[in-house]
Amino acid sequence: MKLTIPYYLHKAGAGFPSPATDYIEEDIDLNIHLIKNVPATFIIRVQGKSMVDVGINDGDLLVVDKSLKPKNFSTVIANVHDELVVKSLVQERDKKFLTSGSKDFIDKILINEEEDIFIWGVVTYVIHSTY
Amino acid sequence: MSSILRTKKIALVDCNSFYVSCERLFNPKIRRKPVVVLSNNDGCIISRSNEAKALGIKMGEPYFKEKDIIIKNKVEVFSSNYSLYGDLSRRVMRTLKRFNTKIEVYSIDEAFLDLSNFPDQDIEKVGKEIRDTVLQWTGIPTSIGIAKTKTLSKIANHIAKKKQSGVTSLINIENIDPILEKIDINDVWGVGRQLTKFYNKNGIYNAKQLKNKSNSWIKKSSNVLSSRTAMELKGIPCINLETTTTKRKSCVVSRSFGKRVERFQELKEAVANYCLNASEKIRSESLVAKAITVFVRTSPFQRNYGYYSNAKTVDFPIATNNSIEIVKAAVTILETIFKNGYQYQKAGVMLTGLSNANEKTNLFSSEKDEKINKDEKINSLMKSIDSTNHRYGRSTLSVASAGVQKKWNMKREYSSKIDTADFYSLPMIRA
């Protein structure tokens, strides 16, 4: 993925606009900002609506970093009975669960490596088209 | 420097059933199933999961020969998806580079690392950490063999493959003879079929026997390469890590056709396309080619039809990387080697005698301004073709002889069609 956006040197703020506003310093490279660990980061596309309440819609792109340790309430890609799915991670005392992020889906799956339920990667960004 | 006093420690990192592991990454349903990956054109089996190996499916066998076992055991079959494998290979290699060691990328799924800077007693732990990191970051399982030489690290890797931990070090083992005794001589790195025959004739059947042969016998009876192998088995490094990417000497683009091709026109389009790919490739590396070879052949497995295979080479008057010149030369060759009435299955082009583009000089070309102007114009034309194709996808701009409909494109019946490096083929995950 290579995506760049022109970056204006001039900062928005009080006072007169700088005469150099139209001078473009360099491009913003979203790769640098959204992908911290290149070899471990995958872009995947979402299919389904079970995560709409956490802001993930059908067709959105997810930036997934496999090298990160998930935190409580992290959005994760998990292997559930040998299918990859998008879920939220919830920790309760010493147990970790996977849940959906939508009123229409109520589930709470206990993470258990032996039953083929484990975390595959951590979602770091959601890219959603609003236009 | 303390590093000089330290033992040389070379690790060979090898991805387990690499193409199969790539297919499994986004398709965990086949994590424990027997899986095979087929070569270009779904011809032969080129990668097998352990489960498939256990069924007796052999490496390199034509797909149709193993079809019965495959159907009976519900083996998962995939056409090769090289852009996915290439992307995951790059990820594995980039992960390995994080360990701040010298690295030689040996093939798509193997790399040698120089771990000499780590203390001897920690080496197994370092190997384990490398393996865990690659697995966590890229999802690709590897085996790591560590030893004093490249040849021994290959043997260590052999052993690591069979271990649960996936890591084997021979560094701290005093006497490795009992290990070498179990390694067949033809499994030793650099020992091919001919050498195996020769060694067998002289009573050498395993690595230990070669290691313990006297230097004078080896020098007397075989070539330099095999005496290097014997030294390396003794733990004396003779083959260095090739860390600087040496510029390639040749560039081959060849493919099997999805269907049999009979007409000259279709064959010509295929060959012209291979020329475009090959010339783009050498341009991207700032190289020029001295000569071009074109080859064609029919299928060796089709008994009812006659077998025909031919190749021819021509030299360019001036070394070039110009698509138009290269296509022109290739078509001329093809006209001389094409025979009517055959069903062609494979064709290819090879650019040879590659050298740096800026060293390109010629008695005549440098003197004539007109010629230089023309060269510059063509160079900038080639550059804009490459950048347009880079931006809008391969074959947006092309040479007319490459044709527009590609009937002969590769057969990829069972492709997973996922590409982690292509925006339009990203893996889908359910939410």
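Which residue of β14(B) is the bridge partner of Val46(A)? The legends below refer to a predicted model, and the answer is in the first of them.

**View 1. Strand pairing between chain A and chain B.** Ile429(B) is the residue of β14(B) that partners Val46(A) in a bridge. The two strands involved are β3 of chain A, residues 41–47, and β14(B). They run parallel to one another and are joined over three bridges.

**View 2. The contact between chain B and chain A.** Chain A contributes 28 residues to the contact, and chain B contributes 24 residues. Together the two chains bury about 2,500 Å², of which 56% lies on carbon and sulfur atoms. Of the area that chain B buries against chain A, 28% comes from Ile429(B), Arg430(B) and Ala431(B), more than from any other three residues. Ile429(B) is also the bridge partner of Val46(A) shown in View 1.

**View 3. A salt bridge across the interface.** Arg31(B) and Asp116(A) form a salt bridge, with their closest N and O atoms 2.8 Å apart. The rule finds five salt bridges across the interface of chain B and chain A.

**View 4. Polar contacts and the chain B side.** Across the interface of chain B and chain A, 16 residue pairs are in polar contact, both residues being at pLDDT 80 or more. On the side of chain B that touches chain A, the elements giving two or more residues are α5 (82–97), α6 (123–138) and β14 (428–430) of chain B. By residue class, this side of chain B has 12 nonpolar, seven charged and five polar residues.

Conventions
Residues numbered from 1 in each chain as written. Chains lettered and ligands numbered in written order. Predicted model: local features only at pLDDT ≥ 70, side-chain atom pairs only at ≥ 80, totals over all residues. Heavy atoms only, no water. Contact = heavy atoms within 4.5 Å. Buried area = accessible area lost by both parts, 1.4 Å probe. Salt bridge = Lys/Arg side-chain N within 4 Å of Asp/Glu carboxyl O. Polar contact = N/O pair within 3.5 Å; in protein donor to acceptor, adjacent residues only side chain to side chain. Helix = DSSP H or I, 4+ residues; strand = E, 2+ residues; numbered from the N terminus. Nonpolar A, V, L, I, M, F, W, Y, C, P; charged D, E, K, R; others polar. Pairing = 2+ DSSP bridges.
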